[in-house]
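Please keep the sequence and the 3D view open while reading.

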Amino acid sequence: MSDIIKLLPDSVANQIAAGEVVQRPASAVKELLENSIDAGASELKLIVKDSGKTLIQVIDNGKGMSNTDARMSFERHATSKISSADDLFNLNTKGFRGEALSSIAAISQVELKTRREIDDLATIIKIEGSKIKSQDVCSAPVGTSISIKNLFFNIPARRNFLKSEKAETKHIVDEFLRIALAHPDINFTFTHNKTTLYNLRASSLKKRIDSLFGSKTNDKFFPIEEDTEIVSLIGFVGKPEFAKRRRGEQFFFVNDRFIKSSYLNHAVSTAFEGLLPPDSFPSYFIYLDIDPKSIDINIHPTKTEIKFDDERSIYAILRSTIKHSLGQYNISPSLDFSIDRNLDEELMKPSSNFAQPTIEVDPDYNPFQNDATNSGKSYSGQASYKKPDTKGWDSLYSGLENLSPDDSFIVSPTNDIESSNITWEEETEQAKLGSESSFEHKSDIHFQLHKKYILSHVRSGMLTIDQNRAHERILYDYFYNNITQDNFASQQLLFPIEVEMNESQWALLQQVLPDLEKIGYSFVGFQNNTVTVSGIPIEFSESDSKNMIDKILGDIEIAEIDIFENKLHLLALSFAKTKAVKYGSTLQQSQMSEIVNKLFACANPNYSPSGKLITNIIDLKDLDEKFN
Ligand code: ADP
Ligand code: MG
């Protein structure tokens with residue numbers, strides 16, 4: 001029998017390589033942008049049409065290529081970036097595999113125009129399915145312009161496999177963001193179908209984050225910085241109250257290359273332990289600088305995964321640095337009663353070993369029952385929606401038992417007219433707030449500030465509580481616990497309410513219809529872009545109900561696919577937000593007490609269900625200092 005093994009022609013080999021390197025238009029975008037950065041460009045233009053299916057063009061002002069190099073660049077394993085295996089461990093370029101251009105040229109129609117500063121004329125090459133169609137000279141500015149047309153034109157199965165325009169564009173935007181974040185010192189523009197999506201000027205990292213995410217970095221993030229022998233890291237990490245319900249804004253860069261690492265992500269999450277609302281994720285932009293010798297980038301064709309020699313130390317350093325900054329910027333909630341106050345002083349030195357500062361909570365007290373049987377189990381700080389087991393609250397008040405109102409700063413409630421149209425009495429009555437047991441604590445002295453905050457004595461100083469968020473937390477826990485039970489009654493409306501929505505919104509609403517019906521809503525149907533609501537829960541007024549349906553719709557639209565997982569959360573949140581006492585409402589002493597007591601009966605009194613900070617303690621020591 002004759003031999004059967006033969007070498008594949010280059011065009012086939014390139015197509016196979018393309019399967020790994022170019023999975024979708026966004027992968028080609030990444031490769032082109034990276035090549036331009038490697039070429040030392042300071043100005044980069046990305047032009048995309050039809051989510052990259054028709055055109056992807058990158059124009060740079062980098063160093064360009066000679067006539068021969070331009071032709072060579074499309075050969076497989078042709079690279080100017082490494083020449084020996086050793087170089088793999090001393091990389092300071094994005095590329096090194098020499099297979100991007102050859103892969104891309106195997107599956108599209110490419111036009112390359114490039115000129116070096118020393119050359120008078122540029123080279124222009126047209127190549128299609130790995131075949132050179134033409135090579136010529138022309139005039140062009142210094143730098144390189146590559147256009148990729150009709151990606152996957154010769155692999156219909158791949159072309160048809162591409163996702164919707166929206167999804168593919170999102171992938172491209174993601175790649176663009178990763179590169180723009182890794183290189184704030186480069187100017188970028190990105191145009192899609194003639195619309196300029198981004199026009200970024202070279203700037204500091206902080207400004208780059210601002211211009212990409214429209215966020216006030218100073219307000220939402222705290223900086224991190226650490227320099228050790230193993231790794232240097234800098235970056236911005238989101239404050240817990242800005243944590244997101246989706247993993248969107250989480251970025252690691254190693255030596256200016258975006259990487260994915262669930263291991264390092266775990267380090268960040270554990271640094272936040274107990275500080276984040278359930279199912280929420282901190283945002284972060286973290287830049288690690290590591291000796292290239294101690295990492296291996298060549299473990300995945302798309303180079304988004306890295307192997308670290310000393311993964312565990314990097315994990316520990318990262319976690320420790322974030323914990324330290326959380327303490328330093330006073331982000332750890334003071335209501336973790338025995339928070340390690342030494343956190344601030346504990347500065348890490350390059351050679352220090354990386355012991356974790358820990359936040360420990362004294363679990364041994366329940367303010368509301370003097371239950372001697374309390375176990376010594378430690379409180380994880382993570383909210384669960386079981387019946388709350390509140391511990392520790394009352395000790396804040398110890399020593400204040402004998403204070404009469406006259407001894408304290410109590411100020412009589414103001415005579416302001418209720419500015420909220422829902423009165424507190426109605427709400428507490430109707431919503432049957434919180435749990436059945438009524439908690440009493442020993443110091444019921446509260447003061448309302450600007451109809452927004454509840455102030456209260458605690459042992460270490462003054463407790464401030466955001467009234468709206470606190471009430472939202474109480475109601476959320478209540479609704480969340482009760483939605484699945486048949487605790488809600490319905491009232492039929494004499495005049496049904498009509499809520500306008502379009503068909504897709506109606507389709508969305510149907511996903512939660514059974515749950516809405518369970519709690520007392522009834523719907524007659526959908527006609528002419530209007531839904532008729534004939535019954536509502538007795539807890540809600542007609543105007544509440546209308547607002548709430550709009551709110552639920554908005555929330556579902558934002559949550560999109562997550563709806564099934566988060567259905568109960570979404571509903572409970574919409575209810576809580578609609579009913580929670582607003583800013584501007586005057587609260588009586590009894591109402592403030594009720595809020596305070598019920599808040600601290602919640603499993604997670606520090607953060608509102610949407611992740612906002614509820615409580616804060618102004619330390620007596622800090623006050624004293626102000627009077628020094
Ligand atoms: P790699 O980036 O891994 O070296 P590529 O296939 O992406 O492989 O590119 C091949 C070579 O073509 C590069 O090594 C580089 O020398 C050259 N090249 C590609 N794009 C550019 C560009 N925009 N400007 C200058 N040279 C480029
Ligand atoms: Mg490359």
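Is D174 buried, partly exposed or exposed? D174 counts as partly exposed, at 23% relative accessibility. Buried means under 20% relative accessible area, exposed over 50%, and partly exposed in between, with a 1.4 Å probe and protein chains only.

This is a predicted model, where local features need pLDDT of at least 70, side-chain atom pairs count only at pLDDT 80 or more, and totals for chains, interfaces and linings use all residues. Residues are numbered from 1 along each chain as its sequence is written, chains are lettered from A and ligands numbered from 1 in the order in which they are written, and side-chain values use heavy atoms, with hydrogens and water left out.

**The chain**

The chain has 628 residues, and 53% of them count as buried. Its secondary structure comes to 18 helices and 22 strands. Helices (H or I, at least four residues) and strands (E, at least two) are DSSP runs, numbered from the N terminus. Take the contacts between residues at least 6 apart in sequence: 72% of them join residues at least 24 apart. Contact here means heavy atoms within 4.5 Å. The accessible surface is about 30,300 Å², and carbon and sulfur atoms hold 50% of that. Accessible areas come from the Shrake-Rupley method with a 1.4 Å probe; for residues, only the protein chains shown count as cover.

**Salt bridges**

The structure holds 15 salt bridges. Each is a side-chain nitrogen of Lys or Arg within 4 Å of a carboxyl oxygen of Asp or Glu. Three of them are listed here.

| Pair | Closest N and O atoms |
|---|---|
| E31 and K303 | 3.7 Å |
| D174 and K170 | 3.1 Å |

What does the bridge between E31 and K303 tie together? E31 lies in helix α2 (residues 25–38) and K303 in the loop between β14 (295–296) and β15, so the pair links parts that are 272 residues apart in sequence. E31 counts as buried at 5% relative accessibility. K303 is buried too, with a relative accessible area of 4%.

The D174 and K170 pair sits within one helix, α6 (residues 165–182). The two residues are four apart, about one turn of the helix.

K598 and E594 are also four residues apart, in helix α17 (residues 589–599), so about one helical turn separates them. K598 is buried, at 13% relative accessible area. E594 is partly exposed, at 24%. Elsewhere, salt bridges that share partners join K30, E31, E34 and K303 into one network.

In helix α9 (residues 262–271), the buried residues are L264, N265, A267, V268, T270 and A271. Their cover includes β11 (250–254), β13 (284–289), β15 (307–308) and α10 (311–328).

A70 is placed in helix α3 (residues 67–72). A70 counts as buried, at 0% relative accessibility. What does A70 touch, leaving aside residues up to four places away in sequence? The contacts of A70 are M65, L112, T114, T123 and I125. A70 and A122 are 52 residues apart in sequence and 10.0 Å apart in space, C-alpha to C-alpha.

**Ligand 1**

How many residues surround ligand 1? There are 19, and the closest are N35, T79, S80, K81 and G98. A residue counts as near the ligand if one of its heavy atoms lies within 4 Å of it. The shell divides into six nonpolar, nine polar and four charged residues. Ala, Val, Leu, Ile, Met, Phe, Trp, Tyr, Cys and Pro count as nonpolar, Asp, Glu, Lys and Arg as charged, and the others, Gly among them, as polar.

Oxygen atoms of ligand 1 take part in several pairs. One is 2.7 Å from an N or O atom in the side chain of K81. A backbone N or O atom of G98 lies 2.8 Å from a ligand oxygen. A polar backbone atom of L101 is 2.9 Å from an oxygen atom of ligand 1. On its own, ligand 1 has 530 Å² of accessible area, and the protein covers 93% of that. The elements giving two or more residues to the shell are α2 and α4 (100–106).

How values were computed: Polar contact = N/O pair within 3.5 Å; in protein donor to acceptor, adjacent residues only side chain to side chain.
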